[in-house]
Structures are given as structure tokens and as C-alpha cells.
Amino acid sequence: MTTQPTLTRTLKLPSLVLFGLAYLTPLIVLAIFGLIAETTGGASPAAYLMAMVAMLFTAHSYGRMAVAHPVAGSAYTYVRRSIDPRVGFLVGWAILLDYLFLPMVIWLIGGSYLTAQFPGVPIAVWIVGFIAVTTALNILGIKVADKANYVLMAFQLLVIVFFVALAVGNVVSTSGAGGLASTQPFFNDTSSFATISAGAAIAAYSFLGFDAVTTLTEETVDPRRNVPRAIMLIALIGGGIFVAVSYVTQLVHPGGVFEDSASVASAIALQIGGQLFGAVFLAGLVVAQFASGLAAQASASRLIYAMGRDSVLPKAVFGRLNAKFHTPVVNLFVTGAVGLIAIFLDVATSTSFINFGAFTAFTLVNVSVVFHYVRQRRAGKQLNPVSYVVVPAVGAIVCAYLLSQLDSNAITLGVSWLVLGVVVLALITRGFRAAPPEMTTTEKATVEAAA
């Protein structure tokens, strides 16, 4: 019987979905609208639709693995238990790059928004403020962070609703009600299947994080039922918002030619809503970054906790929960400290730190479902071959393709990080001759019995 504190199960399906949507940051669709519209030739909703379909295959695979292995650790745990402990460690190591640095990128973008409006305040002040408040909320417990998330997501969604309503009003006033129904945003003379595919490869990055709720499995009520449902709902709702918002925005500004593609959304917000809505829109962007940072830091701390509990990272440091708050306090401080690096980076450079780990994990989680199918079949248990072989195989191919489309900086950094992981793996497995350490049988039985 363990005397260590455990994570507290308080999250139900609505909270999980909101956490995942906060991680996705629905307003990101407007932040990168100019880039997607430019790439697709004015067919941004078509790119998001294609990306959503592709991501649903991987969401399905995460759902199958969440049912089979209802413990914290996400891709690290799934690959470790379905394929091989060594491969699982390397996937966990790779995705650490994404989970550890994504909060930093989020806080940097939020600081950039505020610095643009208040140039007299150094960006370091905003970044430290983001980190301090977010870390404090996450230390107090997942329930406190959950309540804060409800408020932040409500405001973000309200801004999106106002943006869509104002965009619809703008289209009706200029083109009549008939202007709302058009196929031009999906396909037009300046778009092609190639441009839409290229746009989909970029748009797929907007879905990063739909899998993050799997790191909260041990804080979820009835995880075998709620986690798979939450993953699919996050991908569907998030994808639906991306398609709908990009569609109306494309109606307001047809085509993909802009003077400055980076600031298109703010310019459109001013065009359809004036100065007042322009200010509200900015507030929405900042709140969205704060909510996303809250979810991203919570998820990163749980992944580190799972790896620490298994002793593949120092257990005495990373595999412990605070006895009072039942949260991995040290891990939260570590992610906060990493976030301080944002003070010395620009947004373009910082984004090179993520994506490699995410798409590596997506690909291997799809493969792990096929391995799970084979293992269960050998054990005499029959599983649906469409659900456990065909769908994951398609998901693996799509994610491997997206991985190959990352820029050279992301590939170089990701491969370098992976080589370092191989060195660490060699050290903890005595030259790959032993399996990486794992949590004790008693700890594993306690966690899985609670699921």
C-alpha cells in the first residue's frame, strides 16, 4: 500500500473538453488566417477541413489507447506498453520538447500582443506575469485551474461569437444575404488541391494539443469512458470553429493577397467592428494565450511526473506530488523556469522548439494501436480491425507526412534532442541491455485499479 499522495479525480467530460479547447486556442485560427489564406490562394476553410479529417484519425487512436492504458503519460505510456519500453522512452523524450517548450511559446506570444499595445512596458514584465499567475493557479490544484479555465474560455468564445456576428453583418451589408452562401472560400480560381494541401499541413499545427487531455487521465472521473469522448469532441469542436471562422473571414476578405498577412485578423476586426471591438479582440487574444498556457503547463507537469514516477527521470525530483495540493509542484516550477527563456527569443525562433515532438508522438501512437491489436489477437482477444488497424494506419501515414513538412530548424533541433535522448537511454539501460525503469507493481496496480 503506497503512502505517497495521488492525483485527485475531479474532472468530468465538460471540463476535459474545455481544457483541450483551451490548449488548442480557438482564436489561433484568426492569428494565422493571413498565412493560411495566402498559402491556399484564398481557400482557408478547405485547408482546415482537410486538416480536421486528418487529425480525427489520430484522435481515434488516442481514444483507443486511453481505454487500454488509463494512466497519465499519454504517448509515452501508450508506446512504452504497446511497442517497447525503449521506444516509449524516446517518444516521451521527443514529446518533452513539445510539452516543455510550448508553454514558453504561448507566454511569448501573449507578451508580444501586450508589448505591441503598450510599447513602454518591457516584454519581460508580461512574460514573468504570465508565468507567475499561471504557475500559482496550477499549484493550487486542477480544480482551481479548471474553474479559471471556464471563465477564460467563456470570454474567448464570446469574442469569437462577436467576430463571426460582425463578419456576417459586414457581408450582408455589402453583398446581401445571398453573399453568405458561397463556394469561393473552399475552392476558387487561385486555389488548387496542391495549395489547399500545403495550407492543410500548416493548419494541422492549430490542432496540436487535442491529445493533451490524456495527460490528465488520473485526474478524470471514469477515464475509460470520458477521455476517448473528450479527445474526439475536442478535435470536432475545435475543427468546426476553425472551419466556420475561417469561412466568414474569407467572405469578408476574399482571396489570399494581403499587404501584411501577419496582421490581417486585427485589421479585419477593426474593419467590421471599429476601435471598440478592436480593443476587445486584442483582449480576447491575450486571454486565449493565458488559458492555453494554463492548460499547456498543467499537461507538461503531468507528463514529467509520469516519467519521473517510472524513474526514467530522477524520481525524487520529478515523480513526487505535493502532499497538500496533490499537484507536481516541482514540475510546475520547472516548466515556469523554462518559460523564462522566452525573454531572450522571438516568436519565429521559439516555434522551432515545438511540433517535432508532437508529430513524432502522433505517428507512434497510431503505430502503437496496431501493435496493441496484434498483442491482443495473440492473447486470444478479437478487436475490430478497421478501428485498430485501418484507421491508425491512415493516421500514421498522414502524421509522418506532416512531420516531413516541418522546416529545417525544427527538424535539426528535434533530431539533436532525440540524439541526446538516445545517450540518456543508454545510460539508464546499461547500454540498451535492460528495459528502462518503471513504477513499482504496487504503484501500477493502485493507479489502474482507480481507473
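## An enclosed helix

Helix α5 (residues 74–82) is largely enclosed by the rest of the structure, because nine of its nine residues are buried; buried here means under 20% relative accessible area, with exposed over 50% and partly exposed in between (1.4 Å probe, protein chains only). The buried residues of α5 are S74, A75, Y76, T77, Y78, V79, R80, R81 and S82. Helices are DSSP runs (H or I, at least four residues), numbered from the N terminus.

A word on the model: it is predicted, so local features need pLDDT of at least 70 and side-chain atom pairs count only at pLDDT 80 or more, while totals for chains, interfaces and linings use all residues. Residues are numbered from 1 along each chain as its sequence is written, and side-chain values use heavy atoms, with hydrogens and water left out.

## Two helix pairs

Let's turn to packing. Helix α4 (residues 44–68) and helix α10 (residues 223–252) pack at about 175°, and their axes are 8 Å apart. Axes are lines fitted to C-alpha atoms, for helices over the stretch in contact, and angles run from 0 to 180 degrees between N-to-C directions. α4 and α10 are therefore roughly antiparallel to each other, a term for angles over 145 degrees. Their contact comprises 19 nonpolar, seven polar and two charged residues. In this scheme Ala, Val, Leu, Ile, Met, Phe, Trp, Tyr, Cys and Pro count as nonpolar, Asp, Glu, Lys and Arg as charged, and the others, Gly among them, as polar.

Helix α7 (residues 123–140) and helix α13 (residues 329–339) pack at about 170°, with axes 10 Å apart, and are therefore roughly antiparallel to each other. On the α7 side, I127, I131, T135, N138 and I139 meet V329, L332, F333, G336 and G339 of α13; contact means heavy atoms within 4.5 Å. By class, the contact of α7 with α13 has six nonpolar, four polar and no charged residues.

## Two buried residues

N366 belongs to helix α15 (residues 356–378) and is buried, at a relative accessible area of 0%. The N366 side chain makes a polar contact with the side chain of S61 at 2.6 Å, and it also reaches the backbone oxygen of F362 at 3.0 Å. A polar contact is a pair of N or O atoms within 3.5 Å; within protein, one must be able to donate a hydrogen and the other to accept it, and residues adjacent in sequence count only if both atoms are side-chain atoms. Beyond its neighbours within four places in sequence, N366 is in contact with F57, T58, S61, P392, G395, A396 and C399.

I196, in helix α9 (residues 193–203), is buried with a relative accessible area of 7%. Setting aside neighbours within four places in sequence, I196 touches T40, A43, A46, A47, M50, F186 and F187.

## Aromatic pairs

The whole structure holds 14 aromatic pairs. Rings of Phe, Tyr and Trp (its six-membered ring) pair if their centres lie within 6.5 Å; planes under 30 degrees apart count as stacked, over 60 as edge-to-face and the rest as tilted. W93 and W417 are stacked, because their ring centres are 4.7 Å apart and their planes at 15°. With W93 in helix α6 (residues 85–117) and W417 in helix α17 (residues 408–428), the pair ties together parts 324 residues apart in sequence. W93 is buried, at 8% relative accessibility.

F207 and F242 form an edge-to-face pair, with centres 5.2 Å apart and planes at 85°. F207 sits in the loop between α9 and α10 and F242 in helix α10, 35 residues apart, and both are buried. Ring pairs also link Y62, Y78, F359 and F362 into a cluster.

How values were computed: Parallel < 35°, antiparallel > 145°, perpendicular 65-115°, else oblique.
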